[in-house]
Amino acid sequence: MSSPNLEYLYGNLPARMRRDDEELFLKRFLSFFGETLDKFDGDLDTFHERVAPETASEGFLEWWLYAFFGWAWFPTWFTLARKRAFYASITKHYARRGTALGIKEFLEAFGLRVIVETEPLFFGEACSEPIWSIVGPLGIVVRLFPETDAVLEELEFFGEATASEATAMSPGQNLQRVDVDELLRFVAPVAQIIMIEEIQFSQL
């Protein structure tokens with residue numbers, strides 16, 4: 001029944017009330033309020049742990065990102081560590097939306113390795129480079145590398161080997177092209193045109 005707030009509340013009652021409370025009925029009555037205040041104090045003392053990127057729970061940071069920034073989508077393979085890193089950088093991502101650096105860092109947060117170009121490439125600049133069709137001042141080219149660190153396991157399928165060697169296997173988890181399109185939609189500048197180019201191994 002003893003708690004810091006209960007002792008404070010009971011100790012600051014008029015002395016006559018405490019003297020007449022021989023069976024501690026009044027103190028037991030105040031115990032509810034003391035425990036409630038103790039819980040409030042505990043929540044306040046640990047609030048920094050709930051909002052800090054290093055210690056925030058998955059449920060809290062998902063709610064925080066949705067309530068304050070409208071972000072609610074993560075790939076199924078996104079770990080808590082990745083979500084915490086994204087949560088820690090969300091204000092930086094918002095501040096840099098629409099810039100070449102902002103697009104690159106935002107896509108990297110989801111495991112995509114890219115090169116972001118904001119200027120057209122004309123014929124003759126590089127013999128092995130493609131000629132980009134977007135030549136206006138509002139054009140952006142996002143070049144995707146063929147490999148990403150979003151893959152958690154190699155692509156393997158049932159029946160690759162003989163019947164005696166084959167085992168049940170699941171494909172690797174990765175972002176699809178539609179996911180990339182949606183991510184770019186989030187960081188796309190107003191009135192900008194973004195072209196996605198997948199870099200082939202022959203271009204590396």
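Colleague: At what angle to strand 3 does helix 8 run?
Modeller: Helix 8 (residues 177–187) lies across strand 2 and strand 3; helices (H or I, at least four residues) and strands (E, at least two) are DSSP runs, numbered from the N terminus. Angles run from 0 to 180 degrees between N-to-C directions, and axes are lines fitted to C-alpha atoms, for helices over the stretch in contact. Relative to strand 3, the direction of helix 8 is about 150°.

Colleague: At what pLDDT do side-chain atom pairs count in this model?
Modeller: Residues are numbered from 1 along each chain as its sequence is written, and side-chain values use heavy atoms, with hydrogens and water left out. This is a predicted model, in which totals for chains, interfaces and linings use all residues, local features need pLDDT of at least 70, and side-chain atom pairs count only at pLDDT 80 or more.

Colleague: In what order do the three strands form the sheet?
Modeller: Two strands pair if DSSP finds at least two bridges between them. Strand 1 (residues 114–117) and strand 2 run antiparallel and are joined by four bridges, whereas strand 2 and strand 3 (residues 193–198) pair in the parallel sense over six bridges. The pairing is therefore mixed, and the open sheet has the order 1-2-3.

Colleague: Which strands stand at the edges of the sheet?
Modeller: Each edge strand has a single partner strand, so one side of each is left without a neighbour in the sheet. The strands in this position are strand 1 and strand 3.

Colleague: Which residue of strand 3 is the bridge partner of Val141?
Modeller: Val141 in strand 2 is the bridge partner of Glu117. In strand 3, the bridge partner of Val141 is Met195.

Colleague: Are the residues of strand 2 buried or exposed?
Modeller: In a regular strand the side chains alternate between the two faces of the sheet. In strand 2 (residues 139–144), Gly139, Val141 and Arg143 point one way, and Ile140, Val142 and Leu144 the other way. Buried means under 20% relative accessible area, exposed over 50% and partly exposed in between (1.4 Å probe, protein chains only). Six of the six residues of strand 2 are buried.

Colleague: How do helix 7 and helix 8 lie relative to each other?
Modeller: Helix 7 (residues 100–108) and helix 8 pack at an angle of about 140°, with their axes 10 Å apart. Angles under 35 degrees count as roughly parallel, over 145 as roughly antiparallel, 65 to 115 as roughly perpendicular and the rest as oblique. Helix 7 and helix 8 are therefore oblique.

Colleague: How many nonpolar residues has the contact of helix 7 with helix 8?
Modeller: Ile103, Phe106 and Leu107 in helix 7 meet Leu183, Leu184, Phe186 and Val187 in helix 8, where contact means heavy atoms within 4.5 Å. Ala, Val, Leu, Ile, Met, Phe, Trp, Tyr, Cys and Pro count as nonpolar, Asp, Glu, Lys and Arg as charged, and the others, Gly among them, as polar. By these classes the contact has no polar and no charged residues, and the number of nonpolar residues is seven.

Colleague: What separates the C-alpha atoms of Ala188 and Thr99?
Modeller: Ala188 is found in the loop between helix 8 and strand 3, and it counts as partly exposed because its relative accessibility is 29%. Ala188 and Thr99 are 89 residues apart along the chain, yet the separation of their C-alpha atoms is 8.5 Å.
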